[in-house]
Amino acid sequence: MTNTEKHWIYPSLIEPLSTEVRRRRPERHVMERNKSYALTGLAGGILCGFILCLWIKPFFLCTVEDCCLTQRLRAEMKNEISWDNKLHSPSINAVNKKQVLIGVMTAAKFIDNRALAVWQTWAKNINGDVIFFSGEESVSSHDIPLVALPGVTDVYPPQKKSFMMMKYLHDYGIDKYRYFMRVDDDVYVNGDKLDAFLNSLNYSQALYIGQAGTGKKEEVAELSLSPDENFCMGGPGVLVTGETLRRVIPHISYCLQHLLSTHEDIELGRCIRMFAGIPCTWNYEMQVLFYHSYTHATNSHVFPHDLTGSEMDRAITLHPIKVPSVMYHVHNEILIRKKAKLELQKIELKREIMEMDTLLDSPKEGLDKVQASMEQSDFDFLPWVFITSKSQIAHNMFNVKRNHERSWKQILDRALDLAVNQLNENAMSDGRLLDQPEIVYGYRRFHPLSGIQLKLNVKFRCLKFRGKSSKSYISKYIELGAHLSAPEVREVDLKSNAIVHLILPLSGKLKEFKRFLSQFEEVCKGKDSCVLLLVLYKSASYLETITSVSQSLLKHKIRILRVHGTFNRAVALHNGVMAVNDTELVMFVDVDIHLNVDALFRVKTNTRLRSQAYFPIVFNQYDSKLTCGANSCPVDNQTPEDGNFRFFGFGIASMYKADYVSSGGFDLNIRGWGKEDVDLYSKVLKTNTTVFRAADPGIVHIYHPKICDSTLNVEQTVMCVNSKAASFASQHKLAQLYFNSRHKSNLTL
């Protein structure tokens, strides 16, 4: 260094290089100037340091005890364990390992409901194995793989249960599985998507995968997490590799002895970060793959009505699903979508085969031959229904404009969801995202050979995120089709030994009861097929009528229940159901119902235990004096002038007692005419029991005048008046009576 070089350092720190330089002394004003620079630099450094401390202070706010403990843990971790970032060499037989072992954390009170729903749904589709973990002494009345962890209780928070479950997964499966997953019993795991995701990873690495979290804002100070630290949220599920468990499990006891919060997923993440040296995946995509519904966070379950969201197609896990019936619905929806994708592949293959057949000039077979032989006019004259987002207009509807039926609403929602997914396939490269689809107008129809056909003008919200971000709305005209699959033939055994218990509430109407009893004797006499369970409110006047039938019929075919108080159909039917066993079939009837042998057979075949309930659409006779000019008309007369099939009647139904009980049964607080049947029908629809509903010509409601009690509430009065008006005569007959009456009045004038 020479004296001509300039360095902004203290003069006293410069080492002289020669005696000549040592003899030279700087001038006084130069020394003072350098001293001034030094003092200025020192003051500036102190000021910058003070400002920097004020800026970083909020990031390190914690109690002295927490900070010291965290620092001590990190120091002890460094002394206790040393590892490098080299990949663990996979064992020779790694290719023979199963894909994944999933541990489901549950509790004793959830084993036979939530855990059972998991075992009966998605657990069957996992490329690996599923084990359930609960506190010690937990048992299941079903055949599910359950491990009762010794020394572990179901008391919340479940830190020990979580860590001991991970230890069990390690000890049992470290040499048998590539991946390990920790989930709760309120999570749905899509096995196909999980398997595809795992195949894209390197199982020899130490991985810690899930939806990353940093804790709630109000709890940050209590979690002892640095700003750069995170954890995988336990709700949507946590995925690790065997290498991660190898590093962590030897230190499980240490982690349990140094818990810093009450959250087991945070503590598991802290332990993995300390001893495996990896954080949870910082990746936005994990919020989609490991899906947690914040929308329904305050509800008892997720996806209560709508299963058409994009998360159903994209997510590996869905959380939370706290009601077992919803778990079954979600699984059913996943299977339906899987089936649709397979059918689409089948259609594409079929089209390719047809193209090859065209090139080979091969003859058509099966349905293709039928479709090819139909005249073009058969296709052209199938009308389309005009639709908007909320309504439909068709030429053959009595009400020209009305809302979409629930089934068509679901079809349209799925079609829009499919359109959004397909239009967004290249969203990243296009720099825009389409969402919030809304039908401006469109057309729909069902073709008997081609299936569902849709032509829709749809408005989308367009979000541009490349360049200058912006939001706008665009319209696209799209056509969609859901083609029918090939016919499937399945033989069903219709033989049933079930005895139909006809439950008949009765108060008054002795004449009608005699008529009912005569046709009951004809249908059931000599056959071990039905029993009449008579619920009587006024029994004295019926004894002579009942005893007039044969003694064998009275002994084996009729049971009598006596009920006191004011007549209430819901209470009477409920008491009748409670008088039979859970596995016995009941049918709700009225004294004005005519039932033949064929209808009784259909009741047996259309009603299945824990599977299906039958709500037949009954033929409702019009006023016999107007239709056939007599007090009663033959039940076989079922023309539009004789009556109609009353679609909105639900009073006649059959189901097994077990299904009745699971639905919640009748509302016993309903008084007066009507509404109790609609209430039960709505309840059954919400259960896992399928409702089979069809017109049954063998069940006829014989006309009788309706009297609407003035004590009925407004809703019941409206229902009663509408039913009375609909049962009087056909529109054609009413118009004829009206014009005839006007003609007579004109003649009189």
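**Exercise 1.** How many of the ten residues of helix α4 (residues 111-120) are buried?

*Solution.* The model is a predicted one. The criterion for a buried residue is a relative accessible area under 20%. Seven of the ten residues of α4 are buried, so the helix is largely enclosed by the rest of the structure. These residues are I111, R114, A115, L116, A117, V118 and W119. The elements that cover them include β2 (128-135), β3 (146-149) and α13 (324-360).

**Exercise 2.** Determine how helix α5 (residues 159-173) is placed against helix α10 (residues 264-275).

*Solution.* Two packed helices are described by the angle between their axes and the distance between the axes. For α5 and α10 the angle is about 45°, and the axes lie 9 Å apart. The next step is to classify the angle: values under 35 degrees count as roughly parallel, and those from 65 to 115 as roughly perpendicular. The two helices α5 and α10 are therefore oblique to each other. The crossing of α5 with α10 is right-handed.

The contact itself can then be listed by residue. From α5 come Q159, S162, F163 and M166, which meet E264, E267, L268 and C271 of α10. By class, the residues of this contact of α5 with α10 comprise four nonpolar, two polar and two charged.

**Exercise 3.** Which parts of the structure does the disulfide of C255 and C271 tie together?

*Solution.* The sulfur atoms of C255 and C271 are joined at an S to S distance of 1.9 Å. The torsion about this S-S bond is about 75°, so the disulfide of C255 and C271 is right-handed. Since C255 belongs to helix α9 (residues 252-257) and C271 to helix α10, the pair ties together parts that are 16 residues apart in sequence. C255 is buried, with a relative accessible area of 6%, and C271 is buried, with 1%.

**Exercise 4.** How many disulfides does the structure hold?

*Solution.* The count is three. One of them joins C232 to C280, with an S to S distance of 2.0 Å. This link of C232 and C280 is right-handed, with 100° about the S-S bond. C232 lies in strand β8 (residues 231-232) and C280 in the loop between α10 and α11 (286-289), so the pair ties together parts that are 48 residues apart in sequence. Both C232 and C280 are buried. A disulfide is also formed by C524 and C530, with their sulfur atoms 1.5 Å apart. Both C524 and C530 are buried.

Note on methods:
Residues numbered from 1 in each chain as written. Predicted model: local features only at pLDDT ≥ 70, side-chain atom pairs only at ≥ 80, totals over all residues. Heavy atoms only, no water. Axes fitted to C-alpha atoms, helices over the stretch in contact; angles between N-to-C directions. Helix = DSSP H or I, 4+ residues; strand = E, 2+ residues; numbered from the N terminus. Parallel < 35°, antiparallel > 145°, perpendicular 65-115°, else oblique. Left-handed = near helix turned anticlockwise from the far one by under 90°. Contact = heavy atoms within 4.5 Å. Nonpolar A, V, L, I, M, F, W, Y, C, P; charged D, E, K, R; others polar. Buried < 20%, exposed > 50% of the residue type's maximum accessible area, 1.4 Å probe, protein only. Disulfide = S-S within 2.5 Å.
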